[in-house]
Amino acid sequence: MRSARPPAFTLIEVMVSTALLAILLMILLGIVNQTSATWRYSIAKVEQFRGARQAFEAMTRRLSQATLNTYWAYEPPNTPLKYVRQSDLRFVCGSAKDLTKGLTLEAGSERSGHGIFFQAPLGFVDIADKPEFAGLGNLLNTWGYYVDWNSDKALRPPFIKSPPFRDRWRFRLVELMQPSNNFTVYTIAPGLLASDWVTRAVPAKPAPTHILAENVIALVLLPRLAQADEEVRRKAGKKLLAPAYSYDSANADADPEVNPKNQLPSLVQVTLVAIDEPSAVRLLNPANPTAMPDLGLSSLFVGNSDKGFSIDLQTLENTLAAKRVGYRVFTTQVIIRAAKWSRD
């Protein structure tokens with residue numbers, strides 16, 4: 001008696017299973033492709049904003065080291081009437097366009113947002129000029145930050161400065177660094193307007209600057225009191241420390257609670273808005289690539305800093321979203337270590 005033959009698949013069963021396997025492979029391939037695309041997109045985003053994040057961290061770290069080296073002295077010196085706080089240094093922030101009037105500006109360039117200038121013991125020295133200053137890490141420097149709309153002409157090496165290479169016009173975060181061996185603050189007469197003081201504090205032309213990050217479209221700076229003090233004044237309907245974003249340690253205020261005369265603010269709220277490179281390219285006007293994209297920046301962060309900041313930031317975010325711009329907002333409260341706010 002013959003044994004039964006082993007069971008086998010029919011042709012139809014083989015075809016059905018092959019079709020099912022193909023469908024499963026297509027689904028799996030789609031999932032893998034989608035995951036890979038999401039991963040590449042996320043990595044690209046991280047890479048795009050890495051420079052802005054690193055610049056933000058470096059800026060806030062150096063800002064926290066600002067100092068005024070205040071001292072007490074008679075005023076006026078020859079016929080003293082009172083004993084007041086004095087300083088030869090200065091801390092100013094406000095409209096970048098106003099503060100940097102005297103600094104070199106490339107043809108076609110523009111400045112927007114806020115700027116800040118201060119002194120800090122950062123120990124930056126031009127070693128080529130003063131090698132004996134090397135290693136003195138507590139020397140004072142004049143430092144500053146602002147945003148320029150400019151080309152990369154000055155950034156390129158000499159062998160690629162002529163055609164056929166086209167200039168890349170972008171928003172760029174500028175860092176101003178005056179070496180300690182060129183420190184001029186102690187030679188400046190008191191009482192100058194903030195814009196004149198910045199020009200005198202950094203007399204070199206061109207100014208000792210470099211690009212800290214590209215595609216930074218806005219820098220917003222808001223000096224503030226300690227949170228508890230600010231809340232008390234807000235509830236009482238009194239003005240805050242910087243009601244219009246500007247602050248100048250050379251100015252005086254009749255209200256001793258917000259008198260910036262020779263004082264550092266307790267905090268500075270720093271907000272930086274960066275966009276990605278594909279968006280920066282898309283915002284360029286093909287007919288006039290040197291023109292600064294209209295993002296409404298000139299009308300933002302110029303009014304009431306208490307109620308207007310969140311509204312202006314939301315307005316900017318809505319504008320960027322409407323233009324399909326990829327962006328990232330960095331913000332933090334920087335504690336000024338040397339600040340010792342006093343009502344005296």
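This is a predicted model: local features need pLDDT of at least 70, side-chain atom pairs count only at pLDDT 80 or more; totals for chains, interfaces and linings use all residues.

1. Which residue in β9 does Val-92 stand opposite? It is Asp-248 that faces Val-92. The strands β3 and β9 pair in the antiparallel sense, and two bridges join them.

2. The pairing of β3 with β9 belongs to an open sheet of six strands, whose order is β7-β6-β5-β4-β3-β9. The pairing in this sheet is antiparallel. The edges are taken by β7 and β9; each has a single partner strand, so one side of each is left without a neighbour in the sheet. In general terms, the strands of a sheet pair through backbone hydrogen bonds, in either a parallel or an antiparallel manner.

3. Helix α3 spans residues 194-201, and its buried residues are Ala-194, Ser-195, Trp-197, Val-198 and Ala-201. These residues lie on the same side of α3, because they cover an arc of only 160 degrees around the axis. The elements that cover them include the strands β3 (92-95), β4 (110-120), β5 (141-150), β6 (170-178) and β9 (247-248), together with helix α2 (96-99).

4. The structure holds 15 salt bridges. One of them joins the side chains of Glu-214 and Arg-168, with an N to O distance of 3.1 Å. This pair links distant parts of the chain: Glu-214 belongs to strand β7 (residues 209-214), whereas Arg-168 sits in the loop between β5 and β6, and the two are 46 residues apart. Glu-214 counts as partly exposed, because its relative accessibility is 28%. Arg-168 also counts as partly exposed, at 28% relative accessibility.

5. The pair of Glu-214 and Arg-168 is part of a network of salt bridges, in which Arg-168, Arg-170, Arg-172, Glu-214 and Glu-277 are linked.

6. Arg-234 deserves a point of its own. A salt bridge connects Arg-234 with Glu-230, and the closest N and O atoms are 3.4 Å apart. Both residues belong to helix α4 (residues 227-235); because they are four residues apart, about one helical turn separates them. As a general rule, an α-helix has 3.6 residues a turn, so residues three or four places apart point the same way.

7. With a relative accessible area of 31%, Asp-306 is partly exposed.

8. Is Thr-60 buried or exposed? Thr-60 is buried, because its relative accessible area is 13% and the cut-off for burial is under 20%. Its side chain reaches the backbone oxygen of Glu-57 at 3.1 Å. When residues up to four places away in sequence are not counted, Thr-60 touches Val-270, Thr-332 and Val-334.

Conventions: Residues are numbered from 1 along each chain as its sequence is written. Side-chain values use heavy atoms; hydrogens and water are left out. Buried means under 20% relative accessible area, exposed over 50%, partly exposed in between (1.4 Å probe, protein chains only). The arc is that of the directions from the helix axis to the C-beta atoms. Contact means heavy atoms within 4.5 Å. A salt bridge is a side-chain nitrogen of Lys or Arg within 4 Å of a carboxyl oxygen of Asp or Glu. Two strands pair if DSSP finds at least two bridges between them. A polar contact is a pair of N or O atoms within 3.5 Å; within protein, one must be able to donate a hydrogen and the other to accept it, and residues adjacent in sequence count only if both atoms are side-chain atoms.
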